[in-house]
Amino acid sequence: TKTLTPPFPSGQSTFTVVFAPTSPGTLQLQVNAAADLRDVGGNPLDTTSAIADDTTITINAGNTPPATITGTAGGNDSWNTAANWDTNVVPFGPGSAIVDTLAKITNPAPSYTGSLSLTSGSTLQLVNRNALAVLQTPSDITLNTGSTLDILDGSPDLGAIALAGNGRVTLRGNGAHHETIDFNGVVSGPGSLFINGVNNDTFNINAANTFGGGFFTSSDADQGFRVNAKANGALGTGDVTIGGSATLEVSTGLGDVIGDSASLDLVGNKDSRRASKLILGSNESIGAFYLEGVKQPGGTYGAIGSGAGTETALITGSGILTVPVEVLSIVIAEASPSNGPTVSWLVTFDGALTGLTASNFALNASGVSGAGITTVVAGAGNSTYTVTADSFSGCGTLGLSLMNDTGTSPPISNE
């Protein structure tokens, strides 16, 4: 209790009252009407009418940003323990907070909505659903190099998450089985997103993300679960590895869930409750396709009966997976030097290709003039092509280059 009564020193009508509370609570004031009452930031409070006895003002005690958790008071690293914070107060409201160690949110604590930063090598664990109630959509979360946001249970709604360096977010099932976990955070930066599932969990990735460090699934219990990509960009722009008895499902009406230059690797068994390892509700184009870490030829992949170039039981659904082919070699098809009226090259791709024409190539001439490509003829399986040039004169060298993939299906990755 502080009581100010006139006369004030030296006739002052302006004065400062400083409170230093150590815990959140309320402050009771009685102020005359029209008094100029301001907070420490200089912001005026409305006193056009008197503040009567027992009027309360909430005080965000000790929440002066930034607050940093570095301690392990009582032998624990709990976010909920005031003594672990350099302000001696558990942060709440919109102030900034820094995690500089291992911190765990377990029991209910004041709701936090501020700007949260994890320093290099630190970890913040949201241990249970009570923890999700503490982090009430922070304004932003930054994970610096080597730091981890580890979400052990429930559906987090965390707003914008920036992953610096190799920072990562991990989502886990809690072992209850048959859980549906919705992840709505928008994740950016060069870091990665990991999912560790258990029996028959479903993880819905609902936001368009731009993180580039990769998307990975695994299961410590070696139990099947499903990841449902429900937005374009859901899996970021980096490579995607679906392991740990997981099934990836791409929702209908999409088409850019995985980055066009990213790879997809299907590793291990599918979720036994799903029809396949990959369920395509939409067409998807990627940069490379792997099975158990082994690169597959370029082409189109789909379910049995889909009409794709490669039909496989690993895929179900109506969508087609398009993988660009790769040029393996361009070699002269005859003896060199050549005195004939024509010269041919054999162009070999790692998968079947259609739509290849003379306009996709260019001749490189030195000492030779007038040469032009006359035919491009597909071999068996459309993975080899013979390209022929004639109408040239002179003595010198003539080479062939693949210049573009205009009109080809699928595209060519290394033209």
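A: In this predicted model, the chain exposes about 19100 Å², and carbon and sulfur atoms supply 50% of that area. Buried residues make up 39% of the 415 residues in the chain. The secondary structure comes to one helix and 36 strands. Of the contacts between residues at least 6 apart in sequence, 54% join residues at least 24 apart.

Now to the rings. A pair of aromatic rings is described by the distance of the centres and the angle of the planes. The structure holds six aromatic pairs. One of them joins tryptophan 79 and tyrosine 112: the ring centres are 5.7 Å apart and the planes stand at 70 degrees, so this pair is edge-to-face, because planes over 60 degrees apart count that way. The two residues come from distant parts of the chain, 33 residues apart. Tryptophan 79 lies in the loop between strand E5 (67-69) and strand E6 (97-99), while tyrosine 112 lies in the loop between strand E7 (102-105) and strand E8 (115-118). Both tryptophan 79 and tyrosine 112 are buried. Ring pairs also bring in Trp85, so that Trp79, Trp85 and Tyr112 form a cluster.

A second pair is made by phenylalanine 289 and tyrosine 301, which is edge-to-face as well, with 4.9 Å from centre to centre and 70 degrees between the planes. Here the partners sit in strands: phenylalanine 289 in strand E25 (residues 288-291) and tyrosine 301 in strand E27 (residues 299-302), twelve residues apart. Phenylalanine 289 has 2% relative accessibility and therefore counts as buried. Tyrosine 301, at 5% relative accessibility, counts as buried too.

Arginine 168 lies over the face of phenylalanine 194, at 3.7 Å from the ring centre.

At one end of the order, strand E12 (residues 160-163) and E15 pair in the parallel sense over three bridges. Isoleucine 161 stands opposite valine 187 in E15.

The loop between strand E11 (148-151) and E12 holds aspartate 153. Aspartate 153 has a relative accessible area of 7% and is therefore buried. Leaving out residues up to four places away in sequence, aspartate 153 touches Leu126, Val127, Asn128, Arg129, Leu132, Arg172, Asn174 and Glu179.

Elsewhere in the chain, strand E32 (residues 342-349) has six of its eight residues buried, so this strand is largely enclosed by the rest of the structure. Strand E31 (residues 327-332) pairs with E32 in the antiparallel sense over five bridges, and isoleucine 330 has valine 347 in E32 as its bridge partner. E32 is also joined by seven bridges to strand E35 (residues 384-390), again running antiparallel. There, threonine 342 has aspartate 390 in E35 as its bridge partner.

Key: Residues are numbered from 1 along each chain as its sequence is written. This is a predicted model: local features need pLDDT of at least 70, side-chain atom pairs count only at pLDDT 80 or more; totals for chains, interfaces and linings use all residues. Side-chain values use heavy atoms; hydrogens and water are left out. Rings of Phe, Tyr and Trp (its six-membered ring) pair if their centres lie within 6.5 Å; planes under 30 degrees apart count as stacked, over 60 as edge-to-face and the rest as tilted. Helices (H or I, at least four residues) and strands (E, at least two) are DSSP runs, numbered from the N terminus. Buried means under 20% relative accessible area, exposed over 50%, partly exposed in between (1.4 Å probe, protein chains only). A charge sits over a ring if NZ of Lys or CZ of Arg is within 6 Å of the ring centre and within 35 degrees of the ring normal. Contact means heavy atoms within 4.5 Å. Accessible areas come from the Shrake-Rupley method with a 1.4 Å probe; for residues, only the protein chains shown count as cover. Two strands pair if DSSP finds at least two bridges between them.
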